Amino acid sequence: MDDEEPLCARAIRLASESFLAGSGPGGQNANKVATEVELRVNIYALRLSPPVFARLRKLAGAKLAGNGDLIVTSKAHRTQDANRQDAREKLAALIETALVEPKRRAKTRVNRVGKTERLKVKKARGAVKAGRGRPSASDW
């Protein structure tokens with residue numbers, strides 16, 4: 001296996017294509033010509049690192065079958081070639097997104113003034129809520 005081959009190119013090389021007839025109502029050719037493209041790639045065969053694998057599984061969602069096949073479909077265009085290109089672009093975009101490591105969120109620190117302000121607002125809200133109760137006999 002060539003490790004220098006880009007991941008997207010390897011995924012497209014490993015993908016199997018099948019063509020389906022378009023679903024739903026259509027015109028002259030919609031129900032006769034199989035223009036819808038379905039790409040299937042086994043994500044286990046891609047040999048991804050564990051963090052990238054986890055991100056890809058999360059991104060794929062319902063597109064991921066139980067046996068590890070990632071299923072990408074395209075039926076937006078009228079020709080097989082255009083749909084094939086669109087499905088390959090969708091697959092590449094999904095993999096590229098999974099390769100990007102998300103930025104870690106920097107923890108924010110509240111200064112002394114912010115803390116006292118927050119506590120003051122909490123006291124005020126507590127006083128408002130305490131005043132909503134049923135009046136006691138000493139309030140008469």
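Author: R40 has I71 of β3 as its bridge partner. This is a predicted model, and the pairing belongs to a set of six bridges that join β2, residues 36–42, to β3 in an antiparallel arrangement. Strands of a sheet pair through backbone hydrogen bonds, either parallel or antiparallel. Here the sheet is open and has three strands in the order β1-β2-β3, paired antiparallel. Its edges are β1 (16–20) and β3 (69–74), each of which pairs on one side only. From one strand to the next the twist averages 20°.

Helix α3 packs on this sheet and touches β1, β2 and β3. The direction of α3 makes about 135° with that of β3.

The loop between β3 and α3 holds H77. With a relative accessibility of 36%, H77 is classed as partly exposed, because that class lies between the limits of 20% and 50%. Leaving aside residues up to four places away in sequence, H77 touches T35, A82, N83 and D86. The C-alpha atom of H77 is 8.2 Å from that of E36, although 41 residues separate the two along the chain.

Two other helices pack against α3. One is α1, residues 7–14, which meets α3 (residues 80–99) at an angle of about 140°, the axes being 9 Å apart. Angles over 145 degrees would count as roughly antiparallel, so α1 is oblique to α3. The crossing of these helices, α1 and α3, is right-handed. On the α1 side the contact is made by L7, C8, A11 and I12, and on the α3 side by R88, L91, A92, I95, E96 and L99. By class, the contact of α1 with α3 comprises eight nonpolar residues, two charged ones and no polar ones.

The other is α2, residues 50–60, whose axis comes within 8 Å of that of α3 and crosses at roughly 130°. Therefore α2 and α3 are also oblique to each other, and α2 passes α3 in a right-handed crossing. From α2, the residues in contact are V52, R55, L56 and L59; from α3, they are L94, T97, A98 and L99. Six residues in the contact of α2 with α3 are nonpolar, one is polar and one is charged.

How values were computed:
Residues numbered from 1 in each chain as written. Predicted model: local features only at pLDDT ≥ 70, side-chain atom pairs only at ≥ 80, totals over all residues. Heavy atoms only, no water. Axes fitted to C-alpha atoms, helices over the stretch in contact; angles between N-to-C directions. Helix = DSSP H or I, 4+ residues; strand = E, 2+ residues; numbered from the N terminus. Parallel < 35°, antiparallel > 145°, perpendicular 65-115°, else oblique. Left-handed = near helix turned anticlockwise from the far one by under 90°. Contact = heavy atoms within 4.5 Å. Nonpolar A, V, L, I, M, F, W, Y, C, P; charged D, E, K, R; others polar. Pairing = 2+ DSSP bridges. Buried < 20%, exposed > 50% of the residue type's maximum accessible area, 1.4 Å probe, protein only.
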